[in-house]
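The report that comes after it is arranged by topic.

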Amino acid sequence: MNIFFVSLGCDKNLVDSEIMLGIIKEYGFTITDDESQADIIIVNTCCFINDAKEESINTILEMGQYKKSGRLKGLIVTGCLAERYREDILAEIPEVDGVVGTKRYDEIASVIEEVLKGNKSVKIEEDANTAHTEKHKRINTTGGYFSYLKIAEGCDKHCTYCIIPKVRGSYQSRPMEELLEEAKELADNGVKELILVAQETTLYGKDIYKEKSLHKLLRELCKIDGIEWIRILYCYPEEITEELIEVMKSEKKICHYLDIPIQHASDEILKKMGRRTTKAELVQMVEKLRREIPDIALRTTLITGFPGETEENHDELKEFVEEMGFERLGVFTYSKEEDTPAARMPSQIKKPVKIKRQKEIMELQQRVAFEKSEEKIGERMKVLIEGKLPEESLDDYGMESGNVYIGRTYMDAPNVDGYIFIPTRAMLMSGEFIDAVVTEARGYDLVAELINE
């Protein structure tokens, strides 16, 4: 039986997909990359914002067409959309044969078997707070040299715009020994960069060890042979501790990079969002991180058009973005999600206004980011090679003909940040670390020369 798998949404969802792929392989099913040849198609969905929901639904409908044009015997929907809308999915999309929630995906093989027998199968854990183990072998889908390590599930913050706590449950850290075992296995399989993810990484351990223990986990991960970079995503600013800063300073394997979603800078909007920081506290934290770790690259995300956001609030956010000079920054327009407090708030902002404000901030951030790229010229940097640019892609990146390799620095998380291009006559391998000197800035990207070529 051929299984075709589609993974949508965030990197945390990707980890779930990789675990399901591992389970499927263990059961003897064949994984195919051709949907037209699939007996079973599985779509791991996202429902974080409206665009994600639309993408998930459209993908389900598209895959369902292979029941007419291909050899498809069963269509299974998993993930957050399945957890949140299982009745609607089964009632309104008859092509769907199985639904698996976020806490039951370890039963994916049994659901496949039921579907192949011609039965509908639904596996949903009614209590989203039920503990869940992830001790399964994963199939790494990221290229082999980097991998995400999901250190916790769920969230306790309950920001007013977010549905995730209702879908994924309360915060649940994974035991440290389980994470270290998984990280060692990833390293044995060639992974050199570990990227720590969760709905919130900074609270790791508080539920099971009664104290924030991210710094302890990091020290243990740094001891693993083969791992050369450890990157930390999704750090809530109010939870960043002295211990975390100290371990980042003292452990060479930890990238001087933090992803800190702050969402806004107006105290009025932050309060409406249910965030637990003020503008002054955000400024204080950014200044402290840069004082303690001068070369740190800070990434953040913002939301424009939150209910009640005035032009004054928006102007305050723009001033904050310019003053803080984040190395990396992304902006979402507010998405009105049902069953969230923000969806019931008055003064909902019209879509054109949200998009206009988003565009203004991104244009401002572009100037900031481009200036910071220029500042890197002449700097020596360690680069993780991701691959060689195909000949037909050279023009797309403004590169001349010849050998051009593409890589990332410590400042760049995969799929969200920039690249560094290395024109060279040398033969480089994906997953190889090299030293290079930056010679040119091209917007968000850099060009560099290989040292000692």
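What follows is a description of a predicted model, taken up sheet by sheet and then through its helices and selected residues.

Six strands make up an open sheet, and in the order 7-10-11-12-13-14 their pairing is parallel. Strand 7 (146–150) and strand 14 (328–333) stand at the edges, and each has a single partner strand, so one side of each is left without a neighbour in the sheet. On average, and with direction ignored, neighbouring strands of this sheet are turned by 20° against each other.

Elsewhere in the chain, 5 strands close into a barrel in the order 15-16-17-19-18, with mixed pairing. The twist from one strand to the next averages 50°.

Strand 15 (residues 380–388) takes part in two of the pairings described here. With strand 18 (residues 433–442), strand 15 pairs in the antiparallel sense over 5 bridges; along this pairing L384 stands opposite F433, while M381 stands opposite A436. With strand 16 (residues 404–408), strand 15 again pairs in the antiparallel sense, here over 4 bridges, and the bridge partner of K388 in strand 16 is Y405.

Strand 18 is in turn joined by 6 bridges to strand 19 (residues 445–450), and these two strands run antiparallel. In this pairing R442 stands opposite D445 of strand 19. Strand 18 and strand 19 form a hairpin with 2 residues between the strands, in which G443 takes a positive phi near 70°.

## Packing between helices

Two packed helices are described by the angle between their axes and the distance between the axes. For helix 10 (residues 242–250) and helix 12 (residues 279–292), the axes come within 11 Å and cross at roughly 30°, an angle that makes helix 10 roughly parallel to helix 12. The crossing of helix 10 and helix 12 is right-handed. On the side of helix 10 the contact is made by E242, I245 and K249, and on the side of helix 12 by K288, L289 and E292.

Helix 12 also packs with helix 13 (residues 311–324), their axes coming within 12 Å and crossing at roughly 10°, which makes helix 12 roughly parallel to helix 13. Here K279, L282, V283, V286 and R290 of helix 12 meet E316, F320 and M324 of helix 13.

## Cysteines

How many disulfides are found when the whole structure is searched? The search finds 0 disulfides, and C47 is accordingly in none, with the nearest cysteine sulfur, that of C80, lying 5.0 Å away. C47 counts as buried because its relative accessibility is 1%, a value under the 20% limit for that class.

The sulfur of C162 is 6.3 Å from the closest cysteine sulfur, in C159, and this is too far for a bond, because a disulfide requires the two sulfur atoms to be within 2.5 Å. C162 has a relative accessibility of 18%, so it too counts as buried.

Is E83, which has a relative accessibility of 6%, buried or exposed? E83 lies in helix 4 (residues 80–84), and it counts as buried because of that relative accessibility of 6%.

When residues up to four places away in sequence are not counted, E83 touches G101, T102, K103, I124, E125 and V167. The C-alpha atoms of E83 and V6 are separated by 17 Å, these two residues being 77 residues apart along the chain.

Key:
Residues numbered from 1 in each chain as written. Predicted model: local features only at pLDDT ≥ 70, side-chain atom pairs only at ≥ 80, totals over all residues. Heavy atoms only, no water. Buried < 20%, exposed > 50% of the residue type's maximum accessible area, 1.4 Å probe, protein only. Pairing = 2+ DSSP bridges. Contact = heavy atoms within 4.5 Å. Axes fitted to C-alpha atoms, helices over the stretch in contact; angles between N-to-C directions. Parallel < 35°, antiparallel > 145°, perpendicular 65-115°, else oblique. Left-handed = near helix turned anticlockwise from the far one by under 90°.
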